[in-house]
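The sequence and structure are shown first.

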Amino acid sequence: MLIEFEDVTKRYEGGTAALDGLTLRVEAGEALAVLGPSGSGKSTLLNLVAGLDRPTSGTVTVDGVRVDRLGEAASAQYRRRRIGMVFQFFNLLDDLTVLDNVLMPAQLAGTHRAKALRRANELLEHLGVAKHAKAFPGRLSGGERQRVAVARALMNRPPLLLADEPTGALDTASGEEVRKLLTELNRDGQTLLLVTHDLALAEACATRTIYLVDGRLAGSGVPA
Ligand code: ADP
Ligand code: ADP
C-alpha cells in the first residue's frame with residue numbers, strides 16, 4: 001500500500017469540511033486521477049499527501065510514513081526523498097539552465113555531483129529535452145518546460161509523483177505531449193496521483209479515477 005487515507009477529515013478554520021471522512025488506498029504502480037468540481041477537496045487531498053498540511057482527524061500514511069505526524073523538518077525531508085511534484089504553472093527557476101533546474105533536488109539531497117549529472121542527463125534524454133540542457137527555461141515551449149519539470153520531479157527517484165493540473169496551462173499539442181509522457185512513466189512503473197479537470201488526461205493515463213464532491217468520495221471507476 002503506497003498511500004493510505006483512513007477516515008480523513010480536514011476542516012479549515014471557520015469553514016465546512018474540505019475533506020469529510022475520506023478513506024482511500026492507492027497501491028504502488030497505480031495512476032490515480034482525482035476528479036471533481038472546484039472546491040471539492042482535490043488540492044486539499046494533494047497537500048495532505050505531500051505533508052504540506054495536516055488533517056483535522058484521521059491518518060495519512062505514504063510509503064510507510066505517517067505523514068500526518070511529521071514535524072516541519074521531517075516533512076521537508078519526506079518530500080525530498082519520496083515525493084516528486086509537478087504543478088500547473090511551471091515552477092522552474094528562470095535564471096538557471098534546464099540542467100541546473102533538474103540537478104536542484106539532487107543538490108538539496110546532497111547527492112554526489114557526478115552521479116547527479118549522470119541521472120539528470122539520462123532523464124533529459126529519456127524525456128526528449130536533452131538538446132535544451134544548456135538553455136534557460138524561457139526559451140522552451142510550454143510542453144518542453146513541463147517535461148523538464150517532470151525530469152526535476154523524478155530526479156531523486158520518488159516512489160510517488162504528484163501532479164496538480166499538469167496540463168492545465170498548456171495548449172492542445174503540449175497537453176498531448178504531457179499526457180503521453182505521464183502515461184509512459186506509469187507504464188514504466190511510476191506511481192502517479194493526478195489532480196485534474198482534464199478528462200483526456202484521466203482517460204489516457206489513469207488506471208483508476210475517483211470523483212470527489214464536497215470532500216467525499218462520490219464515485220470511482222476505470223476511465224472511459
Ligand atoms: P479543489 O482543489 O477541489 O478546488 P480545495 O481542496 O482547494 O478544492 O478546497 C476545498 C474546500 O476547502 C473549498 O471549500 C475551499 O474554499 C476550502 N479551502 C481550501 N483551502 C483553504 C484554506 N487555506 N482556508 C480556508 N478554506 C480553504
Ligand atoms: P498553490 O496550490 O497554493 O498555488 P503550489 O501548488 O504551487 O501552490 O505549491 C504548494 C506548496 O508546495 C507551496 O508552499 C510550495 O512552496 C510547495 N512546493 C512547491 N514545489 C515543491 C516541491 N517540489 N516539493 C515540496 N514542496 C513544494
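## Helix packing and loop residues

Helix 3 passes helix 4 in a right-handed crossing. A crossing is called left-handed if the near helix is turned anticlockwise from the far one by less than a right angle, and right-handed if clockwise. The model is predicted: local features need pLDDT of at least 70, side-chain atom pairs count only at pLDDT 80 or more, and totals for chains, interfaces and linings use all residues. Residues are numbered from 1 along each chain as its sequence is written, chains are lettered from A and ligands numbered from 1 in the order in which they are written, and side-chain values use heavy atoms, with hydrogens and water left out. Helices (H or I, at least four residues) and strands (E, at least two) are DSSP runs, numbered from the N terminus.

Two packed helices are described by the angle between their axes and the distance between the axes. Here axes are lines fitted to C-alpha atoms, for helices over the stretch in contact, and angles run from 0 to 180 degrees between N-to-C directions.

| Helix pair | Angle between axes | Distance between axes |
|---|---|---|
| Helix 3 (98-109) and helix 4 (113-126) | about 130° | 9 Å |
| Helix 3 and helix 5 | roughly 30° | within 7 Å |
| Helix 5 and helix 6 | about 25° | 8 Å |

Angles under 35 degrees count as roughly parallel, over 145 as roughly antiparallel, 65 to 115 as roughly perpendicular and the rest as oblique. Helix 5 is therefore roughly parallel to helix 6. Helix 3 and helix 4 are oblique to each other. In their contact (heavy atoms within 4.5 Å), helix 3 contributes Val98, Leu99, Val102, Leu103, Ala106 and Gln107, while helix 4 contributes Arg113, Ala116, Leu117, Ala120, Asn121 and Leu124. Nine of the residues in this contact of helix 3 with helix 4 are nonpolar, two are polar and one is charged. In this classification, Ala, Val, Leu, Ile, Met, Phe, Trp, Tyr, Cys and Pro count as nonpolar, Asp, Glu, Lys and Arg as charged, and the others, Gly among them, as polar.

Helix 3 and helix 5 are roughly parallel to each other, and their crossing is right-handed. Val98, Asn101, Val102 and Pro105 of helix 3 meet Val148, Ala151 and Arg152 of helix 5. By class, this contact of helix 3 with helix 5 has five nonpolar residues, one polar and one charged.

Which residues of helix 3 are buried? They are Val98, Leu99, Asn101, Val102, Leu103, Pro105 and Ala106, where buried means under 20% relative accessible area, exposed over 50%, and partly exposed in between (1.4 Å probe, protein chains only). The buried residues of helix 3 pack against helix 4 and helix 5 (142-154). Just after helix 3, glycine 110 takes a positive phi of about 75°.

The crossing of helix 5 and helix 6 is right-handed as well. On the helix 5 side, the contact is made by Gly142, Gly143, Glu144, Gln146, Arg147, Val150 and Leu154, and on the helix 6 side by Ser174, Glu177, Val178, Leu181 and Leu185. This contact of helix 5 with helix 6 has five nonpolar, four polar and three charged residues.

Helix 1 (residues 42-49) is mostly covered, with six of its eight residues buried. These buried residues are Lys42, Thr44, Leu45, Leu46, Leu48 and Val49. Glycine 51 follows helix 1 and has a positive phi, near 70°.

Most residues other than glycine have a negative phi. Glutamate 165, although not a glycine, has a positive phi of about 50°. Glutamate 165 is placed in the loop between strand 7 (160-164) and helix 6 (172-187), and counts as buried at 11% relative accessibility. Aspartate 214 is not a glycine either, and has a positive phi of about 50°. Aspartate 214 lies in the loop between strand 9 (208-213) and strand 10 (216-221), and is exposed, with a relative accessible area of 52%.

Threonine 167 is also found in the loop between strand 7 and helix 6, and counts as buried at 7% relative accessibility. Not counting residues up to four places away in sequence, threonine 167 touches Gly175, Val178, Arg179, Thr196, Asp198 and Leu201.
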